[in-house]
Amino acid sequence: MKIVVAIMQHETNTFSSLTTQLKDFARPLGFEDPPSGQAAIDFFNGTEMAIGGFLDLLKSKEFEIIVPLAAYAEPSAAVEDSAFDTMASRICDAVAQGCDGIMLDLHGAMVTKSFFDAEGELLKRIRKVDSAVPIAVVLDFHANLSQAICDNADIVIGYRTYPHVDNHECGIRAGKLLLRTLRGEIKPRTLWAGAPMLTHMIRQTPAKIPMKPIMDHAIEAEASGQVLAASVFGGFPLADIPHAALSAVVVVEENHEHLGKALTSELVSMAWRARADFVYNPEPLAQTITYAKTLTQGPIVLADHGDNSGAGGPHDNMAVLAEIITQGLEDVAVAPIADPQAVATLWQAGEGAMLRLPVGGKAATPSIGLEARPLELKGRVRALKHIKFEITGPMMTGFQVDLGRCAVFNVGSVDIIISEYRNEPADLGFFTHAGIDPMTKRYLLLKSRQHFRAGFEAIAKQILLVAGPGVCSSDYSVFPFKHLKRPIYPLDRDFAWSPPVITLSK
Ligand SMILES: [Zn+2]
């Protein structure tokens, strides 16, 4: 059996000022062009990613695996058309050679310069090449689900965790359903519905109220065998597109469509009823740092969620660190600030050098009126090294993180890891590979919203969410939404809604 397997992942923050080209889908994997074939298999084999699950499932000799594309970019602005066309063509060309089934590891919140719904567009193009081949898709929990995705895929399932620690399991779940389809055991149908809710990501995690009972309901329906698969998506709100929303998707046998309709409708209705609990009101940054100063027992995690590469931020906004220095917090480690210019200066100065330089704040974000504002710091170069390591924590285990050339810059009692490349710190390795033991620090400043919990929750004595400014802000009033379908809660509050008529995939 010949199976086409591919990964094309990008979460698009349409307010970000960071461009997204083809090379950006290759660089995080250590390539200049997105890999394919054995190089792609070698990179993802054994990782806790959905594609790692596909590859594990297809290990038997009865399968021939074709991997035309492995593309994975850090979140940033809308993808260049030429990059998307190249990636879509590579997958479509492989399908055109003939195959029995397709397994895709996608995100679901990818936007290109020309398409609000990149994954839907990819699936439409595949369907033009082969209108019948069964397709299974795994999407990120932050997918903004669309009609085009559900119309053109036979099986759609999403992560059930945030931090995302079940990606591999999702690959197995979706892949198994595809194989059962190919063996003629099932005839899957996909149903979906969205609720007009722009939830706050800090309130989305399925581990806690309000999402927990909703996700649990989906999990129970799948576990009981009532449906083939059931998923709930928190949605990605930093996307000015018509279909940004919370949603649910259910895969059923074709003669069980009534059960699927009822469940899909129930899941989005549960979310709608809990809509007020999906709203997060951040407290002012200075107030959080003042409170942090009263705490003595570390490590205390300060999570700056306004500028986070994992949601499309430049990972270089210095407002939180400036406040920490102003208020005089001591024994702080920061990981990492992305600033290739500062890294070049520090590498030139050499280990042990004392110098003053502008750190971070190189990227302006005109969409929300945020100017570039570096922080002038005087300190000593404590260490210089190229940081590249394999994640050992529970999220994306086995994935190689490459931060490029890095410097540990010491300013008073603050150690700042400055990196060439952006990456959201979800693993203790971000500190340990820089020679810093996070257990010994009183404060750990991380640019992350939720994923840091995968690596740091177990060691943190306390976690404080810090509302730094930036393109990942939880304050939606800073974003000039134009394309979003209105009304949508909580931007609009005074409107009624009931679940729509559920649409079948075929
Ligand atoms: Zn996500």
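The model is predicted: local features need pLDDT of at least 70, side-chain atom pairs count only at pLDDT 80 or more, and totals for chains, interfaces and linings use all residues. Residues are numbered from 1 along each chain as its sequence is written. The chain divides into domain 1 (2–278) and domain 2 (285–473). An open sheet of five strands is described below, as is an open sheet of eight.

**Domains**

- The domain bounds come from an automatic or database domain assignment.
- The C-alpha centres of domain 1 and domain 2 are 30 Å apart.
- Across the interface, 23 residues of domain 1 are in contact with 31 residues of domain 2. Contact means that the C-beta atoms of two residues, placed from the backbone, lie within 7 Å.
- The side of domain 1 that touches domain 2 has eleven nonpolar, nine polar and three charged residues. Here Ala, Val, Leu, Ile, Met, Phe, Trp, Tyr, Cys and Pro count as nonpolar, Asp, Glu, Lys and Arg as charged, and the others, Gly among them, as polar.

**Five-stranded sheet**

- The strand order is E2-E1-E3-E4-E5, and the pairing is parallel. Strands (E, at least two residues) and helices (H or I, at least four) are DSSP runs, numbered from the N terminus. Two strands pair if DSSP finds at least two bridges between them.
- Strand E2 (64–72) and strand E5 (155–158) are the edges, each pairing on one side only.
- From one strand to the next, the twist averages 10°.
- Strand E3 (residues 101–106) pairs with strand E4 (residues 135–139) in the parallel sense, over four bridges. Ile 102 has Ile 135 in E4 as its bridge partner.
- Helix H6 (residues 167–182) packs on this sheet and touches E3, E4 and E5. The direction of H6 makes about 170° with that of E4. Axes are lines fitted to C-alpha atoms, for helices over the stretch in contact, and angles run from 0 to 180 degrees between N-to-C directions.

**Eight-stranded sheet**

- This open sheet runs E11-E12-E13-E14-E10-E15-E9-E16, with mixed pairing.
- Its edge strands are E11 (354–359) and E16 (462–466), and each pairs on one side only.
- Neighbouring strands are turned by 30° against each other on average, direction ignored.
- Strand E9 (residues 300–304) and E16 pair in the parallel sense over five bridges. Asp 304 stands opposite Val 466 in E16.
- Helix H9 (residues 285–293) lies across E9, strand E15 (443–446) and E16, and runs at about 160° to E16.
- Helix H11 (residues 340–349) also packs on the sheet, touching E11, strand E12 (375–390), strand E13 (400–411) and strand E14 (414–419). Its direction makes about 65° with that of E13.

**Helix pair H3 and H4**

- The axes of H3 (residues 81–96) and H4 (residues 118–129) come within 9 Å and cross at roughly 30°. The two helices are therefore roughly parallel. Angles under 35 degrees count as roughly parallel, over 145 as roughly antiparallel, 65 to 115 as roughly perpendicular and the rest as oblique.
- The H3–H4 crossing is right-handed. A crossing is right-handed if the near helix is turned clockwise from the far one by less than a right angle, and left-handed if anticlockwise.
- H3 contributes Phe 84, Ala 88, Ile 91, Cys 92, Val 95 and Ala 96 to the contact, and H4 contributes Ala 118, Leu 122, Arg 125, Ile 126 and Val 129.
- That contact has ten nonpolar, no polar and one charged residues.

**Helix pair H7 and H8**

- H7 (residues 211–223) and H8 (residues 257–273) have axes that come within 9 Å and cross at roughly 165°. They are therefore roughly antiparallel.
- The H7–H8 crossing is right-handed.
- Pro 213, Ile 214, His 217, Ala 218 and Ala 221 of H7 make the contact with Leu 263, Leu 267, Met 270 and Ala 271 of H8.
- By class, it has eight nonpolar, one polar and no charged residues.

**Helix pair H2 and H6**

- H2 (residues 50–57) packs against H6 at an angle of about 50°, with the axes 6 Å apart. That makes H2 oblique to H6.
- The H2–H6 crossing is right-handed.
- Residues of H2 in the contact include Ala 50, Phe 54 and Leu 57, and those of H6 include His 168, Ile 172 and Lys 176.
- The H2–H6 contact divides into six nonpolar, six polar and three charged residues.
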